[in-house]
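Open the model in your viewer and keep the selection panel at hand. The stops below go one by one.

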Amino acid sequence: MFTLAHLSDWHLASRPALSELIGKRGLGYINWHRARKKIHRPDVLDLTIRDLKASAPDHIAVTGDLVNLSLPDEYNRARGWLQTLGLPRDVTLVPGNHDIYVRRVLQTPAAYWADYMRGDDGIDRFPFLRRRGNIALIGLSTALPTAPLLATGRLGKPQLARLLEILDQTRGSFRIVLIHHPPLTQRYLRRLVDAADLRGVLADQGAELLLHGHDHHRAVVWLDGPQKKIPAVGVPSASARGKHGDENPAGYNLFRIDGALGKWSCEMIARERGADGTMREVERQMLI
Ligand SMILES: [Fe+2]
C-alpha cells in the first residue's frame, strides 16, 4: 500500500513594496487585497498540513500556485512550507500560473524550489520522472506569464512529446501525472490552451491517475485512455477559509494505492475544513 497526499493552490502573499506593483502585479495586488487576502490564510494552511502529516503519507504532491504575485519573499516563505511538508525526495512539486506571474520571474521557481521539482535523473526539466517503488510520478509545467486577467497555461510540443515517451517507458507502474491546470474546463480565460493535445497523449498512452489544482474545488472527471478511463482529480486550495462568497473551504486528498499491473486499486479520501475550523473526511471513493 502506498499513500499519496495531494494539496495545491496556497496563494500566500507577502506585502509588496510600492515599486514592485507596476503592471500586472499592481492589478493582481488590488485583486488580492479585495478578495484573496481574506480567503487564503497561513493559519489554515498550517492546519491542513498538520492534518495531512498525521496520516503519514509515503509521498506528497503539490500542484502549484504556492505564491500570489511571484515576489521574492513569497517564494522564500513557500519554501518554508515545502520544508514543513518534507524533504525534496518525499515531496513533488509542479508550478502554477501564479508561480510565474510575470516574465521576469521565469527562472525564479527553480531558484527557490528546484530540488522539489527535479526528476530522479537530477536534470532540471519538465516533464520530470520520479519513481517510488511501482509508482511513477510525472511532473509537468503549464506555468507561463500571461496578460492581466488571463490565467491560462500551456504545455507546448516538447513537453507533450516527452510525456508520451515517459508514459510509454513507465507502462507497468502506477503512472500519476501531476499538472496545475485541469485537462478539461469550461473556463476559457483560465484554460490549458493545449489541453486537447494532452488528452490525446493520455488517450494514446494511458495513465493511472492525473492530479491537478487551479480550480480550487474538488472534482473527478474521467478522461479517455487506450483501454480504461483515467481519473483526473482536482483538489481545493489548501489555505482557503471557505467563508467568503462561493470559495470552497480548504481541503486535500489522500490516495491509497495498492496492487500491480492489471489489478491496481486506488481509493481517494477527501478531507476538508469544516465550519468549526477542524478537518474532517468528506468523501471516500474507489477510483480504480
Ligand atoms: Fe492557478
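This is a predicted model: local features need pLDDT of at least 70, side-chain atom pairs count only at pLDDT 80 or more; totals for chains, interfaces and linings use all residues.

**Stop 1: the iron site**

Residues are numbered from 1 along each chain as its sequence is written, and side-chain values use heavy atoms, without hydrogens and water.

Now show Asp-65 (OD), Asn-97 (OD1), His-180 (NE2) and His-214 (ND1); these protein donors lie 2.1 to 2.3 Å from the iron ion.

Next, pick Asn-97 and His-180, which are 83 residues apart and link distant parts of the chain. Asn-97 sits in the loop between β3 (91-93) and α4 (108-113), His-180 in the loop between β6 (174-178) and α6 (195-205). Helices (H or I, at least four residues) and strands (E, at least two) are DSSP runs, numbered from the N terminus. Asn-97 is buried at 6% relative accessible area, where buried means under 20%, exposed over 50% and partly exposed in between (1.4 Å probe, protein chains only). His-180 is buried too, at 0%.

**Stop 2: a strand residue**

Move to Asn-253 in strand β10 (residues 251-258). Asn-253 counts as buried because its relative accessibility is 1%. Select its contacts (heavy atoms within 4.5 Å). Beyond neighbours within four places in sequence, they include Leu-4, His-6, Arg-218, Val-235 and Met-268.

Technical notes. Donors are N, O and S atoms within 2.8 Å of the metal (3.2 Å for Na, K and Ca); water is not among the atoms, so sites may look incomplete.
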